[in-house]
2 protein chains.
Amino acid sequence: MKSNFIELEQGAGGKKSEELISKIRKILDYTGQWKNTADDGAVLDLQSFWTWHVQKGHTTSFSASKLVFTTDAFIVDPLFFSGGDIGKIAICGTINDLAVMGARPIGISLSLVIEEGFPEDDLLKIIKSINDISRETRVPIVTGDTKVTEKGKIDKIEITTSGVGLAGNIISNGGARVGDVVISSGDLGEHTAAILASRFNYKTRVKSDSRPLVKEIQSVAKYLTACKDPTRGGSAAVLNEIAEKSKIKIVLDEKTLPFKKEVVAISELLGIDKFSFASEGRFVATVAKKDADKVIKILQKYNSEAKIIGSVGRGRGVWLKTLIGSQKKIETPRGKLVPRIC
Amino acid sequence: MKSNFIELEQGAGGKKSEELISKIRKILDYTGQWKNTADDGAVLDLQSFWTWHVQKGHTTSFSASKLVFTTDAFIVDPLFFSGGDIGKIAICGTINDLAVMGARPIGISLSLVIEEGFPEDDLLKIIKSINDISRETRVPIVTGDTKVTEKGKIDKIEITTSGVGLAGNIISNGGARVGDVVISSGDLGEHTAAILASRFNYKTRVKSDSRPLVKEIQSVAKYLTACKDPTRGGSAAVLNEIAEKSKIKIVLDEKTLPFKKEVVAISELLGIDKFSFASEGRFVATVAKKDADKVIKILQKYNSEAKIIGSVGRGRGVWLKTLIGSQKKIETPRGKLVPRIC
């Protein structure tokens, strides 16, 4: 079978564009309650939406009246890696941005900018992995745009996903309180570790942790005082953001650091701080101390590595209590961080 | 004053990123009823939204329950041209995609992928023109993402805008009926003409027609049976889409063609079909014959060139009735069309 390469013409808005778009659409076969009228956008009837989800048993009766809206651009190198590809991180990234705010994602838009000459099989593989997550999470890809650029105008492919969700109560980054504990939904930094390993041809069992977080966050949402997924900038960036916005101090315990030994090894080998390593399917959160055991128990159903990793106190910044009892500051990463990975 | 160039570090998620994002946010000073909690997304309380708009007199009582969602990627060369820039077409494009479906746009997301070394002044100029349209239309930019790539990974800047809107009744492309007339909200093709002129250093008075269409479409929405903005692929693509989806035949009249003589001149000079020229601030629509005069009269308040350009009959395809009475088929453009302009 001959392998096709994307041509400029396939992005020009004519017949060849229609053919490419219909191939993409055929793969994206989960549409939920949205109506795709093949107009410029997709349509959702909000009133019938909840009725349908309650009937199907996807959710209990729920009168969420807050619309949440988010967007993210993805340029990744390599496009395919152990544990995922650019499509999987794009859809997981957008779903997770909604989920960490306490929202139920209801629809995703998919915008593709493809370089002329890009292999069509690779494109369809990427779309396929987007669809897998879409089906798994019951979050449909409802609208999109496909542009093709001349050679050299873009590096292979760029994906921008936007998402809308509905929420009752919003979980904000500014809600952590003195006396809370800090939890992690699993070990961190595996996405960056996997990408670095594949770039440097370093053999490791570490895979990207890319995955959707809707179910596990919804199952504990009512207990979370702050929540965030440690993507770009890693746990260092995200915990500092929570500390700053909540006007509190976070102290992590070196005894319970959420890093696998393989991740630590790659971090040390390359001399890059593991706290700046990104995850694409984990969250860190704060919860009242009294709720912590309950929350961890629920989260361990999804990931046995879920655990308490620190505490919230008076003060500012993020600190690491080392094994010898001293405290070391963990700063928001500056500079180029790790090589570009998301 | 020294001129700054965007550095990789400004997209890395650390302090320098925050500084760039806060410069961008400072310009985007219209937020409407959305709450930006500085989390991963923006939040809108749907219940209070309508109350507020009715109080402010922006709209009359309105119980729209349909959510409309759209997205579009923009790579334009040149970035600045007579009548606009990439920022203006991006926001107008997304607002117009919602407007032609009969929706009131309620929020836009802005995703930027910027090449390292791009002049910061140009970036802020682009953001400024986005904000101008945002204020004019009262459609806030509510969430965004800013990535910076290494040199050569993208050509200068790529913008993806997504938009959400609320609608009562959706205007679909499939709604044109035999006996309707075809109208145009103004002369067409000026966007492509202006871009081509600037590329080939051809002196002309033609400016890009880029502008938001919310008000004029809302003022006649209840009369429109089909509606579409002739962007990529021009009026040829859009009218063929309406004809195909509505299963009718459109006949345009050569006596009332909606093209300025400067646009015709550029089309003839370069040998590119004027029907494939894009507009970024016009719409074509079908309306019942009995409503046509009323609709045109309303639209002429916005643009004196609004007029009837054809009729809807039994059959298929789009045809041009020439001055000598013969009929010539207008095909959906194939191939690369005009040089890449949107």
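Okay, B:Lys294 and B:Asp291: their side chains meet in a salt bridge, 3.4 Å from N to O. This is a predicted model, by the way. Both residues sit in helix α9 of chain B, residues 289-299, and because they are three residues apart there, about one helical turn separates them. The lysine end, B:Lys294, is partly exposed at 40% relative accessibility, while B:Asp291 is buried, at 9%. And then there's a network: A:Asp72, A:Arg232, B:Asp145 and B:Lys147 are joined into one by salt bridges that share partners.

How many salt bridges turn up over all chains? A search of the whole structure gives 40.

Let me pick a couple from chain A. A:Glu241 and A:Lys228 pair up through their side chains at 3.3 Å, N to O. That one links distant parts of the chain: A:Glu241 belongs to helix α7, residues 234-246, and A:Lys228 to strand β9, residues 224-228, with the two 13 residues apart. Buried or exposed, what about A:Lys228? It has 7% relative accessibility, so it counts as buried, being under the 20% cut-off. A:Glu241 is partly exposed, at 23%.

The other one is A:Glu216 with A:Arg211, a salt bridge of 2.2 Å, again N to O.

Now over to helix α8 of chain A, where we find A:Glu262. A:Glu262 is buried, with a relative accessibility of 17%. Its side chain makes a polar contact of 2.5 Å with that of A:Arg205. Leaving out residues up to four places away in sequence, A:Glu262 touches A:Thr204, A:Arg205 and A:Val206.

Stay on that helix, which covers residues 261-270, and you get to A:Leu270. A:Leu270 is partly exposed, at 32%. Together with A:Phe200, A:Tyr202 and A:Leu269, A:Leu270 makes a nonpolar surface patch of about 380 Å².

Last bit: how do the two chains relate? Turn chain A by 180°, with a shift of 0.0 Å along the axis, and it can be laid on chain B with an RMSD of 0.0 Å. So the copies are related as by a two-fold rotation axis. Which C-alpha of chain A is nearest that axis? The one from A:Ile154, 2.1 Å away from it. As for the interface, 100% of chain A's interface residues are interface residues in chain B too, so the copies meet through the same surface.

Terms used:
Residues numbered from 1 in each chain as written. Chains lettered and ligands numbered in written order. Predicted model: local features only at pLDDT ≥ 70, side-chain atom pairs only at ≥ 80, totals over all residues. Heavy atoms only, no water. Patch = residues over 30% accessible without salt bridge, like charges linked within 9 Å, V, L, I, M, F, W, Y side chains within 5 Å. Areas by Shrake-Rupley, 256 points an atom, 1.4 Å probe, with all protein chains shown as cover. Salt bridge = Lys/Arg side-chain N within 4 Å of Asp/Glu carboxyl O. Helix = DSSP H or I, 4+ residues; strand = E, 2+ residues; numbered from the N terminus. Buried < 20%, exposed > 50% of the residue type's maximum accessible area, 1.4 Å probe, protein only. Least-squares fit on C-alpha atoms with pLDDT ≥ 70 in both. Contact = heavy atoms within 4.5 Å. Polar contact = N/O pair within 3.5 Å; in protein donor to acceptor, adjacent residues only side chain to side chain.
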